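Take a look at the model below.

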Amino acid sequence: MQRFVIIVACCFVMNFAGAYAQPIKRGVVRKTDQASLGYTLIAPFGGQETFLIDIDGNVVHSWTTERKPSQAAYLLEDGSLLRTAKIPNESFNVPGGPAGGIQKFDWDGNLTWDYVVSDDRRHSHHDIEPLPNGNVLVVAWEVKTKAEAIEAGRDPAKISDGVLWPEVVLEIKPIGKTGGEVVWEWCLWDHLVQSFDKSKQNFGQPADHPELIDLNYIERPIADWIHANSIDYNPQLDQILLCGRTFDEVWVIDHSTTTAEAASHSGGRYGKGGDLLYRWGNPFAYFAGTPFDQVLFGHHDPHWIQPGLPGAGNILIFNNGSDRDQRAFSTVDEIVPPIKSAGSYARDPNAPFGPAKMHWTYKDPANLYSPRVSGAQRMPNGNTLICSGETGHVFEVTPAGDVVWDLWNKLGATEAELVHAATAATGAPPGPLGGVAMFRATRYAPDYPAFRGRTLKPLKQ
(Lines give C-alpha, C1' and ligand atoms only; values in the text may rest on other atoms or scores of the structure.)
Protein backbone atom coordinates (compact mmCIF):
# COMPACT_ATOMS: atom_id res chain seq x y z
CA MET A 1 0.00 0.00 0.00
CA GLN A 2 2.83 2.41 0.87
CA ARG A 3 4.48 1.71 -2.48
CA PHE A 4 1.22 2.46 -4.30
CA VAL A 5 0.84 5.80 -2.52
CA ILE A 6 4.41 6.76 -3.38
CA ILE A 7 3.91 5.90 -7.05
CA VAL A 8 0.68 7.91 -7.24
CA ALA A 9 2.30 10.88 -5.51
CA CYS A 10 5.28 10.80 -7.87
CA CYS A 11 2.99 10.67 -10.90
CA PHE A 12 1.08 13.66 -9.58
CA VAL A 13 4.24 15.71 -9.04
CA MET A 14 5.56 14.82 -12.50
CA ASN A 15 2.26 15.79 -14.09
CA PHE A 16 2.08 19.02 -12.10
CA ALA A 17 5.62 19.94 -13.05
CA GLY A 18 5.03 19.16 -16.71
CA ALA A 19 1.82 21.10 -16.89
CA TYR A 20 3.32 24.15 -15.19
CA ALA A 21 6.81 24.16 -16.67
CA GLN A 22 7.27 27.58 -18.26
CA PRO A 23 9.36 28.42 -21.30
CA ILE A 24 12.28 30.78 -20.78
CA LYS A 25 10.84 33.21 -23.30
CA ARG A 26 7.52 34.92 -22.67
CA GLY A 27 5.51 36.72 -25.33
CA VAL A 28 4.51 35.30 -28.71
CA VAL A 29 6.65 32.21 -29.24
CA ARG A 30 4.87 30.88 -32.33
CA LYS A 31 2.90 32.50 -35.14
CA THR A 32 1.88 30.95 -38.45
CA ASP A 33 -0.25 32.05 -41.38
CA GLN A 34 -3.02 29.74 -40.11
CA ALA A 35 -3.62 31.93 -37.06
CA SER A 36 -6.76 34.06 -37.03
CA LEU A 37 -6.08 37.75 -37.34
CA GLY A 38 -7.38 40.17 -34.79
CA TYR A 39 -6.74 41.73 -31.41
CA THR A 40 -6.85 39.87 -28.10
CA LEU A 41 -8.24 41.37 -24.89
CA ILE A 42 -6.58 40.25 -21.65
CA ALA A 43 -6.87 41.49 -18.06
CA PRO A 44 -3.99 39.98 -16.03
CA PHE A 45 -4.57 39.63 -12.30
CA GLY A 46 -1.25 41.23 -11.48
CA GLY A 47 -2.16 44.84 -12.11
CA GLN A 48 -4.89 47.37 -12.79
CA GLU A 49 -4.63 47.43 -16.56
CA THR A 50 -6.60 45.71 -19.30
CA PHE A 51 -4.68 45.23 -22.54
CA LEU A 52 -5.52 44.84 -26.21
CA ILE A 53 -2.68 43.07 -28.00
CA ASP A 54 -2.06 42.36 -31.67
CA ILE A 55 -1.09 39.06 -33.28
CA ASP A 56 2.59 39.76 -32.50
CA GLY A 57 1.87 40.31 -28.80
CA ASN A 58 2.31 44.08 -28.96
CA VAL A 59 0.04 46.23 -26.80
CA VAL A 60 -2.02 48.44 -29.11
CA HIS A 61 -4.39 49.83 -26.51
CA SER A 62 -4.91 49.69 -22.75
CA TRP A 63 -7.19 50.88 -19.99
CA THR A 64 -5.89 51.73 -16.51
CA THR A 65 -8.35 51.52 -13.65
CA GLU A 66 -8.34 52.45 -9.97
CA ARG A 67 -9.95 49.20 -8.88
CA LYS A 68 -8.25 45.87 -9.32
CA PRO A 69 -9.79 43.57 -11.91
CA SER A 70 -12.07 40.86 -10.61
CA GLN A 71 -12.49 38.39 -13.45
CA ALA A 72 -14.43 39.22 -16.64
CA ALA A 73 -13.73 41.93 -19.25
CA TYR A 74 -15.54 42.61 -22.54
CA LEU A 75 -14.83 44.98 -25.43
CA LEU A 76 -18.16 46.36 -26.63
CA GLU A 77 -18.94 47.32 -30.21
CA ASP A 78 -18.71 51.04 -29.46
CA GLY A 79 -15.17 50.61 -28.15
CA SER A 80 -16.13 50.64 -24.48
CA LEU A 81 -14.59 48.28 -21.94
CA LEU A 82 -17.09 46.53 -19.65
CA ARG A 83 -15.50 44.78 -16.70
CA THR A 84 -16.01 43.46 -13.21
CA ALA A 85 -14.23 45.19 -10.35
CA LYS A 86 -13.23 44.21 -6.83
CA ILE A 87 -15.13 45.94 -4.03
CA PRO A 88 -14.19 44.58 -0.60
CA ASN A 89 -17.05 43.18 1.47
CA GLU A 90 -16.28 41.38 4.71
CA SER A 91 -19.48 39.34 4.38
CA PHE A 92 -18.07 37.78 1.19
CA ASN A 93 -14.37 37.66 1.97
CA VAL A 94 -13.23 34.66 -0.06
CA PRO A 95 -10.36 34.29 -2.56
CA GLY A 96 -12.41 32.71 -5.36
CA GLY A 97 -13.79 35.35 -7.69
CA PRO A 98 -15.57 38.01 -5.61
CA ALA A 99 -16.29 41.22 -7.50
CA GLY A 100 -18.97 43.53 -6.15
CA GLY A 101 -18.77 46.07 -8.95
CA ILE A 102 -19.28 46.63 -12.66
CA GLN A 103 -17.45 49.35 -14.52
CA LYS A 104 -17.63 50.71 -18.04
CA PHE A 105 -14.91 52.83 -19.64
CA ASP A 106 -14.96 54.53 -23.02
CA TRP A 107 -12.15 53.96 -25.51
CA ASP A 108 -10.15 56.83 -24.02
CA GLY A 109 -10.31 55.39 -20.52
CA ASN A 110 -12.98 57.64 -19.07
CA LEU A 111 -15.17 55.91 -16.48
CA THR A 112 -18.75 56.17 -17.76
CA TRP A 113 -20.54 53.73 -15.44
CA ASP A 114 -19.54 52.56 -11.97
CA TYR A 115 -22.19 50.34 -10.40
CA VAL A 116 -22.04 48.48 -7.09
CA VAL A 117 -23.63 45.04 -6.69
CA SER A 118 -22.70 44.48 -3.08
CA ASP A 119 -24.41 44.73 0.29
CA ASP A 120 -24.96 42.51 3.32
CA ARG A 121 -27.31 40.28 1.32
CA ARG A 122 -25.81 39.98 -2.15
CA HIS A 123 -22.42 40.29 -3.82
CA SER A 124 -21.57 39.83 -7.49
CA HIS A 125 -18.78 37.50 -8.51
CA HIS A 126 -16.80 36.16 -11.47
CA ASP A 127 -18.69 36.95 -14.65
CA ILE A 128 -21.09 39.34 -16.34
CA GLU A 129 -22.76 39.24 -19.76
CA PRO A 130 -23.63 42.30 -21.88
CA LEU A 131 -27.06 41.99 -23.51
CA PRO A 132 -28.18 43.30 -26.93
CA ASN A 133 -30.52 45.80 -25.24
CA GLY A 134 -27.67 47.43 -23.32
CA ASN A 135 -28.47 45.75 -20.01
CA VAL A 136 -26.02 43.51 -18.18
CA LEU A 137 -26.53 40.04 -16.71
CA VAL A 138 -24.72 39.54 -13.40
CA VAL A 139 -24.02 36.45 -11.30
CA ALA A 140 -24.20 37.09 -7.57
CA TRP A 141 -24.16 35.26 -4.27
CA GLU A 142 -27.18 35.59 -1.99
CA VAL A 143 -26.93 34.91 1.74
CA LYS A 144 -29.14 32.28 3.35
CA THR A 145 -28.86 31.71 7.09
CA LYS A 146 -28.34 28.31 8.66
CA ALA A 147 -31.96 28.32 9.84
CA GLU A 148 -33.20 29.11 6.33
CA ALA A 149 -31.02 26.39 4.85
CA ILE A 150 -32.25 23.76 7.32
CA GLU A 151 -35.87 24.75 6.73
CA ALA A 152 -35.28 24.32 2.99
CA GLY A 153 -34.05 20.76 3.66
CA ARG A 154 -30.29 21.15 3.86
CA ASP A 155 -28.41 18.58 5.91
CA PRO A 156 -27.10 20.58 8.93
CA ALA A 157 -23.79 18.72 8.67
CA LYS A 158 -23.27 20.41 5.30
CA ILE A 159 -23.39 23.99 6.61
CA SER A 160 -19.86 24.36 7.92
CA ASP A 161 -19.68 28.15 7.40
CA GLY A 162 -22.97 28.87 9.16
CA VAL A 163 -24.50 30.31 5.97
CA LEU A 164 -25.09 29.32 2.34
CA TRP A 165 -24.59 31.44 -0.75
CA PRO A 166 -26.93 30.20 -3.46
CA GLU A 167 -26.64 31.91 -6.83
CA VAL A 168 -28.83 34.64 -8.25
CA VAL A 169 -28.82 36.09 -11.76
CA LEU A 170 -29.66 39.78 -12.07
CA GLU A 171 -30.39 41.76 -15.21
CA ILE A 172 -29.34 45.34 -14.58
CA LYS A 173 -30.34 48.34 -16.65
CA PRO A 174 -27.64 51.04 -16.37
CA ILE A 175 -28.88 54.46 -15.23
CA GLY A 176 -26.58 57.44 -15.27
CA LYS A 177 -22.98 57.14 -14.12
CA THR A 178 -23.54 55.13 -10.95
CA GLY A 179 -27.14 53.92 -10.99
CA GLY A 180 -28.91 50.82 -12.16
CA GLU A 181 -32.26 49.09 -12.01
CA VAL A 182 -32.73 45.35 -11.55
CA VAL A 183 -35.31 44.61 -14.24
CA TRP A 184 -35.25 40.79 -13.98
CA GLU A 185 -33.88 38.20 -11.61
CA TRP A 186 -33.63 34.47 -11.14
CA CYS A 187 -32.87 32.81 -7.80
CA LEU A 188 -31.51 29.30 -7.54
CA TRP A 189 -33.19 29.01 -4.12
CA ASP A 190 -36.58 28.84 -5.87
CA HIS A 191 -35.63 25.65 -7.73
CA LEU A 192 -34.50 23.11 -5.17
CA VAL A 193 -35.22 19.49 -4.37
CA GLN A 194 -34.01 17.46 -1.38
CA SER A 195 -34.48 13.89 -0.18
CA PHE A 196 -32.87 14.41 3.23
CA ASP A 197 -35.84 15.48 5.40
CA LYS A 198 -39.45 14.84 4.42
CA SER A 199 -40.65 17.25 7.12
CA LYS A 200 -38.94 20.19 5.40
CA GLN A 201 -39.55 22.15 2.21
CA ASN A 202 -38.59 20.90 -1.25
CA PHE A 203 -38.83 17.22 -0.34
CA GLY A 204 -38.70 14.86 -3.31
CA GLN A 205 -36.41 12.52 -5.17
CA PRO A 206 -33.78 14.31 -7.29
CA ALA A 207 -34.02 11.54 -9.89
CA ASP A 208 -37.67 12.48 -10.41
CA HIS A 209 -36.86 16.17 -10.79
CA PRO A 210 -33.93 16.81 -13.15
CA GLU A 211 -35.33 20.32 -13.59
CA LEU A 212 -34.44 21.09 -9.95
CA ILE A 213 -31.15 21.38 -8.06
CA ASP A 214 -30.42 18.93 -5.26
CA LEU A 215 -29.82 20.98 -2.12
CA ASN A 216 -27.67 18.25 -0.60
CA TYR A 217 -25.53 17.30 -3.58
CA ILE A 218 -22.30 18.92 -2.58
CA GLU A 219 -18.58 18.47 -3.10
CA ARG A 220 -17.60 20.95 -0.42
CA PRO A 221 -19.78 22.03 2.52
CA ILE A 222 -18.89 25.72 2.40
CA ALA A 223 -20.94 28.85 1.81
CA ASP A 224 -19.95 29.10 -1.89
CA TRP A 225 -21.36 25.64 -2.62
CA ILE A 226 -22.26 26.24 -6.31
CA HIS A 227 -19.47 28.55 -7.55
CA ALA A 228 -21.16 29.62 -10.79
CA ASN A 229 -18.09 31.08 -12.45
CA SER A 230 -19.53 32.10 -15.83
CA ILE A 231 -22.70 33.21 -17.59
CA ASP A 232 -23.65 33.35 -21.28
CA TYR A 233 -26.73 34.50 -23.20
CA ASN A 234 -28.30 33.16 -26.39
CA PRO A 235 -30.48 35.88 -27.98
CA GLN A 236 -31.97 33.51 -30.55
CA LEU A 237 -33.31 31.20 -27.82
CA ASP A 238 -33.59 33.83 -25.06
CA GLN A 239 -31.81 31.41 -22.75
CA ILE A 240 -29.03 31.76 -20.17
CA LEU A 241 -26.18 29.29 -19.74
CA LEU A 242 -24.61 28.96 -16.29
CA CYS A 243 -21.60 27.05 -15.02
CA GLY A 244 -22.35 25.03 -11.89
CA ARG A 245 -18.71 24.33 -11.18
CA THR A 246 -19.03 22.29 -7.98
CA PHE A 247 -21.84 20.27 -9.57
CA ASP A 248 -19.60 19.73 -12.63
CA GLU A 249 -22.53 20.69 -14.83
CA VAL A 250 -23.72 23.30 -17.29
CA TRP A 251 -27.24 24.61 -16.66
CA VAL A 252 -29.64 26.37 -19.03
CA ILE A 253 -32.54 28.54 -17.83
CA ASP A 254 -35.24 30.54 -19.59
CA HIS A 255 -34.74 34.30 -19.75
CA SER A 256 -38.10 35.01 -21.42
CA THR A 257 -39.90 34.73 -18.08
CA THR A 258 -41.03 37.56 -15.88
CA THR A 259 -39.33 37.74 -12.49
CA ALA A 260 -42.43 36.19 -10.94
CA GLU A 261 -42.39 33.36 -13.48
CA ALA A 262 -38.65 32.88 -12.92
CA ALA A 263 -39.44 32.16 -9.27
CA SER A 264 -42.00 29.53 -10.25
CA HIS A 265 -42.13 26.26 -12.19
CA SER A 266 -44.27 27.46 -15.09
CA GLY A 267 -44.50 30.29 -17.59
CA GLY A 268 -42.13 31.79 -20.11
CA ARG A 269 -41.43 30.77 -23.68
CA TYR A 270 -40.68 27.17 -22.67
CA GLY A 271 -43.39 26.76 -20.03
CA LYS A 272 -41.06 25.79 -17.17
CA GLY A 273 -40.64 29.08 -15.37
CA GLY A 274 -37.20 29.27 -13.79
CA ASP A 275 -36.58 25.51 -13.64
CA LEU A 276 -33.61 24.08 -15.49
CA LEU A 277 -34.30 23.50 -19.18
CA TYR A 278 -31.10 21.53 -19.66
CA ARG A 279 -28.16 20.23 -17.66
CA TRP A 280 -25.09 18.27 -18.70
CA GLY A 281 -21.73 17.09 -17.43
CA ASN A 282 -22.46 15.01 -14.34
CA PRO A 283 -25.68 12.95 -14.36
CA PHE A 284 -24.92 11.69 -10.86
CA ALA A 285 -25.89 15.18 -9.62
CA TYR A 286 -29.53 14.25 -10.31
CA PHE A 287 -29.15 10.48 -9.88
CA ALA A 288 -29.42 9.73 -13.59
CA GLY A 289 -26.02 8.05 -13.60
CA THR A 290 -23.07 7.06 -11.44
CA PRO A 291 -19.90 8.97 -10.48
CA PHE A 292 -18.19 7.18 -13.38
CA ASP A 293 -20.46 9.01 -15.83
CA GLN A 294 -19.04 12.41 -14.88
CA VAL A 295 -17.33 14.18 -17.80
CA LEU A 296 -16.85 17.73 -16.51
CA PHE A 297 -14.32 18.44 -13.78
CA GLY A 298 -14.23 21.89 -12.21
CA HIS A 299 -14.92 23.54 -15.59
CA HIS A 300 -15.06 27.20 -16.68
CA ASP A 301 -16.43 29.33 -19.49
CA PRO A 302 -19.21 27.16 -20.99
CA HIS A 303 -20.83 29.20 -23.76
CA TRP A 304 -22.71 28.84 -27.01
CA ILE A 305 -20.59 29.22 -30.14
CA GLN A 306 -21.91 32.34 -31.83
CA PRO A 307 -23.91 32.38 -35.08
CA GLY A 308 -21.78 32.51 -38.22
CA LEU A 309 -18.91 30.58 -36.67
CA PRO A 310 -18.06 26.90 -37.27
CA GLY A 311 -20.04 24.89 -34.72
CA ALA A 312 -22.58 27.68 -34.17
CA GLY A 313 -25.08 26.73 -31.46
CA ASN A 314 -22.79 24.11 -29.95
CA ILE A 315 -21.48 24.58 -26.40
CA LEU A 316 -17.74 25.06 -25.88
CA ILE A 317 -16.26 24.39 -22.42
CA PHE A 318 -12.85 24.68 -20.76
CA ASN A 319 -12.81 21.45 -18.75
CA ASN A 320 -10.21 22.16 -16.04
CA GLY A 321 -9.86 18.53 -15.02
CA SER A 322 -8.54 18.94 -11.49
CA ASP A 323 -10.70 16.11 -10.11
CA ARG A 324 -10.17 13.51 -12.79
CA ASP A 325 -9.80 10.02 -11.35
CA GLN A 326 -6.23 9.21 -12.36
CA ARG A 327 -4.44 12.28 -13.67
CA ALA A 328 -5.18 16.00 -13.56
CA PHE A 329 -5.17 17.64 -16.98
CA SER A 330 -7.37 20.10 -18.83
CA THR A 331 -9.28 19.73 -22.08
CA VAL A 332 -11.39 21.95 -24.28
CA ASP A 333 -14.64 20.19 -25.12
CA GLU A 334 -17.38 20.94 -27.63
CA ILE A 335 -20.82 19.37 -27.36
CA VAL A 336 -23.92 19.42 -29.54
CA PRO A 337 -26.85 19.96 -27.15
CA PRO A 338 -29.99 17.90 -27.98
CA ILE A 339 -32.05 20.94 -28.83
CA LYS A 340 -35.40 20.74 -30.61
CA SER A 341 -36.52 23.16 -33.29
CA ALA A 342 -38.60 25.18 -30.81
CA GLY A 343 -35.69 25.55 -28.39
CA SER A 344 -36.51 22.89 -25.81
CA TYR A 345 -34.20 19.96 -25.08
CA ALA A 346 -34.80 16.29 -25.85
CA ARG A 347 -34.28 13.70 -23.15
CA ASP A 348 -35.15 10.04 -22.74
CA PRO A 349 -36.87 9.83 -19.31
CA ASN A 350 -34.76 6.76 -18.52
CA ALA A 351 -31.45 8.36 -19.42
CA PRO A 352 -29.47 11.51 -18.58
CA PHE A 353 -29.49 14.53 -20.84
CA GLY A 354 -27.31 14.03 -23.90
CA PRO A 355 -25.08 14.09 -25.75
CA ALA A 356 -23.37 10.84 -24.84
CA LYS A 357 -20.14 11.88 -26.59
CA MET A 358 -18.12 15.02 -27.21
CA HIS A 359 -18.32 16.54 -30.68
CA TRP A 360 -14.72 17.77 -30.48
CA THR A 361 -11.99 17.74 -27.85
CA TYR A 362 -8.54 19.26 -27.59
CA LYS A 363 -6.17 17.76 -25.06
CA ASP A 364 -2.46 17.78 -24.37
CA PRO A 365 -2.07 16.20 -20.90
CA ALA A 366 1.65 16.91 -20.68
CA ASN A 367 1.25 20.65 -21.22
CA LEU A 368 -2.34 21.82 -20.72
CA TYR A 369 -3.50 22.01 -17.12
CA SER A 370 -5.07 24.94 -15.31
CA PRO A 371 -6.96 23.92 -12.17
CA ARG A 372 -8.79 27.25 -12.03
CA VAL A 373 -10.02 30.07 -14.31
CA SER A 374 -9.43 29.68 -18.12
CA GLY A 375 -11.59 29.59 -21.24
CA ALA A 376 -11.81 28.96 -24.98
CA GLN A 377 -13.22 30.70 -28.04
CA ARG A 378 -14.09 29.52 -31.55
CA MET A 379 -12.49 31.51 -34.35
CA PRO A 380 -14.06 32.34 -37.76
CA ASN A 381 -11.57 30.05 -39.53
CA GLY A 382 -12.59 27.06 -37.38
CA ASN A 383 -9.61 27.28 -35.04
CA THR A 384 -10.04 27.57 -31.27
CA LEU A 385 -8.33 30.11 -29.03
CA ILE A 386 -7.49 28.59 -25.64
CA CYS A 387 -6.60 30.43 -22.46
CA SER A 388 -4.86 28.36 -19.79
CA GLY A 389 -5.49 31.05 -17.25
CA GLU A 390 -3.32 30.19 -14.26
CA THR A 391 -0.08 30.43 -16.22
CA GLY A 392 -1.15 33.13 -18.65
CA HIS A 393 -0.80 30.81 -21.62
CA VAL A 394 -2.97 31.73 -24.62
CA PHE A 395 -2.72 29.70 -27.82
CA GLU A 396 -4.69 28.87 -30.95
CA VAL A 397 -5.20 25.38 -32.32
CA THR A 398 -6.63 24.02 -35.56
CA PRO A 399 -9.47 21.45 -35.53
CA ALA A 400 -6.73 18.82 -35.87
CA GLY A 401 -5.03 20.14 -32.72
CA ASP A 402 -2.03 21.86 -34.30
CA VAL A 403 -0.81 24.96 -32.44
CA VAL A 404 -0.68 27.86 -34.90
CA TRP A 405 -0.25 30.78 -32.47
CA ASP A 406 1.27 30.69 -29.01
CA LEU A 407 1.57 33.42 -26.37
CA TRP A 408 2.98 33.22 -22.86
CA ASN A 409 1.76 36.39 -21.23
CA LYS A 410 4.27 38.67 -19.54
CA LEU A 411 2.01 41.67 -18.98
CA GLY A 412 1.03 42.32 -15.39
CA ALA A 413 3.97 40.37 -13.99
CA THR A 414 6.59 41.69 -11.63
CA GLU A 415 10.26 41.33 -12.50
CA ALA A 416 10.60 38.63 -9.84
CA GLU A 417 7.79 36.64 -11.42
CA LEU A 418 9.40 36.85 -14.84
CA VAL A 419 12.70 35.62 -13.39
CA HIS A 420 10.79 32.80 -11.71
CA ALA A 421 9.17 31.91 -15.04
CA ALA A 422 12.54 31.85 -16.74
CA THR A 423 13.91 29.32 -14.27
CA ALA A 424 10.80 27.21 -13.72
CA ALA A 425 11.63 24.78 -16.51
CA THR A 426 14.40 23.35 -14.38
CA GLY A 427 12.06 20.85 -12.75
CA ALA A 428 10.30 21.94 -9.57
CA PRO A 429 6.59 22.76 -9.88
CA PRO A 430 6.42 26.56 -9.86
CA GLY A 431 2.69 26.83 -9.23
CA PRO A 432 0.56 29.62 -10.71
CA LEU A 433 2.20 32.90 -11.64
CA GLY A 434 -0.20 35.39 -10.08
CA GLY A 435 0.87 38.40 -12.11
CA VAL A 436 0.38 36.95 -15.56
CA ALA A 437 -2.66 34.81 -14.71
CA MET A 438 -6.02 35.79 -16.19
CA PHE A 439 -9.67 34.79 -16.17
CA ARG A 440 -9.87 34.33 -19.93
CA ALA A 441 -8.76 35.90 -23.22
CA THR A 442 -10.99 37.08 -26.07
CA ARG A 443 -9.97 37.79 -29.65
CA TYR A 444 -11.84 40.34 -31.75
CA ALA A 445 -11.62 40.27 -35.56
CA PRO A 446 -9.99 43.20 -37.39
CA ASP A 447 -13.41 44.31 -38.68
CA TYR A 448 -15.02 44.33 -35.22
CA PRO A 449 -17.07 47.57 -34.97
CA ALA A 450 -15.02 48.84 -32.00
CA PHE A 451 -12.02 49.32 -34.31
CA ARG A 452 -13.72 51.39 -37.01
CA GLY A 453 -12.00 54.72 -37.49
CA ARG A 454 -9.28 53.82 -34.99
CA THR A 455 -5.62 53.21 -35.78
CA LEU A 456 -4.13 50.39 -33.75
CA LYS A 457 -0.34 50.52 -33.57
CA PRO A 458 2.10 49.07 -31.02
CA LEU A 459 2.49 51.28 -27.98
CA LYS A 460 5.78 51.92 -26.25
CA GLN A 461 6.11 49.77 -23.14
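The lining of the largest cavity comes out as 8 nonpolar, 2 polar and 1 charged residues. The classes work like this: Ala, Val, Leu, Ile, Met, Phe, Trp, Tyr, Cys and Pro are nonpolar, Asp, Glu, Lys and Arg are charged, and the others, Gly among them, are polar. The model is predicted, so to speak of local features takes a pLDDT of at least 70 and side-chain atom pairs count only at 80 or more, while totals for chains, interfaces and linings use all residues. Numbering runs from 1 along each chain as its sequence is written, and side-chain values use heavy atoms, with hydrogens and water left out.

How do you find such a space? Rolling a probe the size of a water molecule over the atoms shows where empty space is left. Here that's done on a 1 Å grid over the protein atoms alone: a cavity is a set of points where a 1.4 Å probe fits but cannot get out, a pocket is an open set with protein on both sides within 12 Å along at least five of seven lines, and lining residues have an atom within 4 Å of a point. Points are joined across faces, edges and corners, and the volume is the space filled by probe spheres set on them.

Searching the whole structure turns up 1 cavity of 30 Å³ or more, and the largest cavity holds about 80 Å³. Its lining includes Leu 41, Gln 71, Met 438, Phe 439 and Arg 440. Strands β2 (39-42) and β5 each supply at least two lining residues, and β5 gives the most, with 3. Strands here are DSSP runs of E, at least two residues long, numbered from the N terminus.

Strand β5 (residues 69-75) turns up again at the second largest pocket, where it gives the most to the lining, with 3 residues. That pocket has a volume of about 600 Å³. It is lined by 29 residues, and Pro 95, Gly 96, Gly 97, Arg 372 and Val 373 lie nearest its centre. By class, the lining has 6 nonpolar, 14 polar and 9 charged residues.

Now for Ser 374, in the loop between β24 (360-363) and β25. Ser 374 has a relative accessible area of 1%, so it is buried (buried is under 20%, exposed over 50%, partly exposed in between, with a 1.4 Å probe and protein chains only). Its side chain reaches the backbone nitrogen of Gly 389 at 2.8 Å. Ser 374 also touches, among others, Met 438 and Phe 439, where contact means heavy atoms within 4.5 Å. Ser 374 and His 299 sit 75 residues apart in sequence, yet 8.6 Å apart in space, C-alpha to C-alpha.

Gln 377 lies in strand β25 (residues 375-378). Gln 377 is buried too, at 16% relative accessible area. The Gln 377 side chain reaches the backbone nitrogen of Arg 443 at 2.8 Å, and the residues Gln 377 touches include His 303, Leu 316, Ala 441 and Thr 442.

The structure holds 0 disulfides. Cys 187 is buried at 10% relative accessibility, and Cys 387 is buried at 1%.

How values were computed:
Helix = DSSP H or I, 4+ residues; strand = E, 2+ residues; numbered from the N terminus. Polar contact = N/O pair within 3.5 Å; in protein donor to acceptor, adjacent residues only side chain to side chain. Disulfide = S-S within 2.5 Å. Lists of a residue's contacts leave out its neighbours within four places in sequence.
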